[in-house]
Amino acid sequence: MDMKAPEKKLGIKEKYRLLTRDLAWQPTYRSEKEIYPYLDYEGIKIHDWDKWEDPFRLTMDAYWKYQGEKERKFYAIIDAHAQNNGHLNITDGRYLSALKIFLQAISPGEYAAHKGFARVGREFAGAGTQVACQMQALDEMRHAQTQIHALSNYNKYYSGFHAFAETRDRIWYTSVARSFFDDSMASGPFEFLIAIGFSFEYVLTNLLFVPFMSGAAYNGDMATVTFGFSAQSDEARHMTLGLECIKFMLEQDPDNLPIVQKWIDKWFWRGFRVLGLVSTMMDYMLPKRVMSWREAWEIYGVENGGALFKDLAFYGIRPPKGWEDAGKAIDHMSHQFMLGFYQWRFGTAFHSWIPSDQDMDWLSQKYPTTFDKYYRPRWDYIKRAEAEGKPFKNFGLAKLCQCCQLPCVFTEPDDASVLCHRQTTHKGEIYHFCSDGCQEIFEDEPEKYVQAWLPMPQLFQDPVNGDLAAWMDWAHLTDGLDNGEYQGSSDQRNFDRWRGLATSNT
Amino acid sequence: MTVAARAPYDFKPRDLMENFHGKQIVYAAWDGHLLFAASFLICVPPETSFRELVEGPLAQLLSIDPDAAAIDWAAVQWLKGNQPFSPDFDQSLVANGIGHKEQIRFRTPGLNSITAAA
């Protein structure tokens, strides 16, 4: 009898080859150019797509297995969190503001990254690249979902979580993150990879996720810690891929270097501006603080970023142009931005507050050269005015930066007593910027940024035409519930009452 | 430089004056008074006189600063688009050359009770 020999099990390498490279075939009745029309116009030259190495050699079957396991663990913990009133374990209701900003500004960014990677997975020619982008697209979708699911528990009890998608599109501070992702998605495939794969995932992600997740851990928020952990192993893969892609571009052709350098300059600065939101969270919004924004910058920016750019010097890459200005802004940005958040609190879908004396002492200890000199006097005045029954509310809308869309709250890099005023005229129209970095990005591609939808000027156009109440309706913001001071808010009342019920007999 | 694109790329700015129903935007900032986190966006008709702008919406927005009542408008130093500027208070914004989205700034030397240390 003829016995069939059992087939040899495939090795990882072989399996990877069959499930990626082997899926690519040579087109016969359509040209490469017709199939991949987006590869040339950015000026990047690729000679051999097979040189793209996926360091993880991850195949779809292994991917499903790992991710499925993580999902099961994640949802088990989220269920436990919901059933055990996990929301009452957080340190204080003020912590919720950090979560609201995350959900309104960052989670939709995960979804945008999903769309972007799905697109470039189709636009790139190499099979290895296509598969890597496809898996990252799935990861990003999963991150958006797990974040929304984790935070939906809080939506049952607190304000400001209910309309994050609309908030993301319509409120001013969220438009900063939105504009970042829209800009990347409106770029060609190679620039998109530098924007998200390299600058966002590699250079900046530590400054975004590590402080948020350790902030969550310090403040008793198991739901957020869990989605953080669930995403962490994906992030490690994304970071490696981001670095791989930049090396690939640089190794393929020497002409790619100036283009890549320009994108690194641009996307570092755009990312740094988005981090303005994170700096306020770290310095002002965590009831129990992890570290100051400055300390986080020292570790993840200066040390890690510095080491990275040292490595890339081999390829001729220098640190991003805005690096020095960023360093000068570190001791100021969270204070300048928080002062804005507080005075425009009528227009935020989260609560803010005047820092307590204890908070301010911590800030002057962490920012010995700037806080007492520049920022404490302002908070002291605001506090006095509040005590005299004249709460400090600025009902003027703010001038926004045409590029990053933040209110122009930042001062001159070398003079913290003067706001940074930058403007340019393009085809007869005046445009304003928060910094030299943003002005240079605009001037490189003015046609792109003249179309920017800026929430503040927009408020005076159709359909709102300057009517603040109509704007609130349109932005899904309920006045007196979602916005304003934390002290006296329904979030504060409810959190204190429920926590009282959970921890005492009254 | 110009945008890298595969086809003609020319789109309308979103903040053209024609979208503001006969009004324009003026940005105004009080130098050295950083209790106000950013320049104010003020939306008024271009025929508004400079005096009406200053004594109306601008004065109202400034009133929450403790120095506001002590401003001597006759002694204020002005900038327009970051250049020195001498406004005619009784002329319109147009006649003063203050176009749509123009930035004006003013300085009040000696008057600075909160950020004097800075």
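This is a predicted model: local features need pLDDT of at least 70, side-chain atom pairs count only at pLDDT 80 or more; totals for chains, interfaces and linings use all residues.
Let me start with chain A, which has 20 helices and 5 strands. Its radius of gyration is 24 Å, close to the 23 Å that the globule rule gives for 506 residues, so chain A is as compact as a globular protein of that length.

Chain B has 1 helix and 5 strands, and if you follow chain B from the N terminus, the order of its elements is β-β-α-β-β-β. For chain B the radius of gyration is 17 Å, whereas a compact globule of 118 residues would have one near 13 Å. The box for the C-alpha atoms of chain B, again taken along the principal axes, is roughly 55 × 35 × 25 Å.

Now to the place where the chains meet. Here 46 residues of chain B are in contact with 55 residues of chain A, and the area buried between the two chains is about 4300 Å², with carbon and sulfur atoms giving 58% of that area.

What about polar contacts and salt bridges across this interface? There are 21 residue pairs in polar contact between chain B and chain A, counting pairs with both residues at pLDDT 80 or more, and the rule finds 2 salt bridges across the interface. In a salt bridge between the chains, the side chain of Lys427(A) meets that of Asp10(B), at 3.9 Å from N to O. On the side of chain B that touches chain A, the elements giving two or more residues are β1 (24–30), β2 (40–44) and β5 (102–107) of chain B, and the residues of that side divide into 26 nonpolar, 10 polar and 10 charged.

One of those elements, β2(B), also pairs with a strand of the other chain: β1 of chain A, residues 397–398, runs antiparallel to β2(B) over 2 bridges, and in this arrangement Leu397(A) stands opposite Leu41(B).

Within chain A, Lys45(A) forms one with Asp255(A), where the closest N and O atoms are 2.4 Å apart. Lys45(A) sits in the loop between α2 (32–35) and α3 (60–83) of chain A, while Asp255(A) sits in the loop between α9 (222–252) and α10 (256–285) of chain A, so this pair ties together parts that are 210 residues apart in sequence.

Key
Residues are numbered from 1 along each chain as its sequence is written. Chains are lettered from A and ligands numbered from 1 in the order in which they are written. Side-chain values use heavy atoms; hydrogens and water are left out. Contact means heavy atoms within 4.5 Å. Buried area is the accessible area (1.4 Å probe) that two parts lose on being put together, summed over both. A salt bridge is a side-chain nitrogen of Lys or Arg within 4 Å of a carboxyl oxygen of Asp or Glu. A polar contact is a pair of N or O atoms within 3.5 Å; within protein, one must be able to donate a hydrogen and the other to accept it, and residues adjacent in sequence count only if both atoms are side-chain atoms. Helices (H or I, at least four residues) and strands (E, at least two) are DSSP runs, numbered from the N terminus. Ala, Val, Leu, Ile, Met, Phe, Trp, Tyr, Cys and Pro count as nonpolar, Asp, Glu, Lys and Arg as charged, and the others, Gly among them, as polar. Two strands pair if DSSP finds at least two bridges between them. The radius of gyration is taken over C-alpha atoms; the globule rule is 2.2 Å times the number of residues to the power 0.38.
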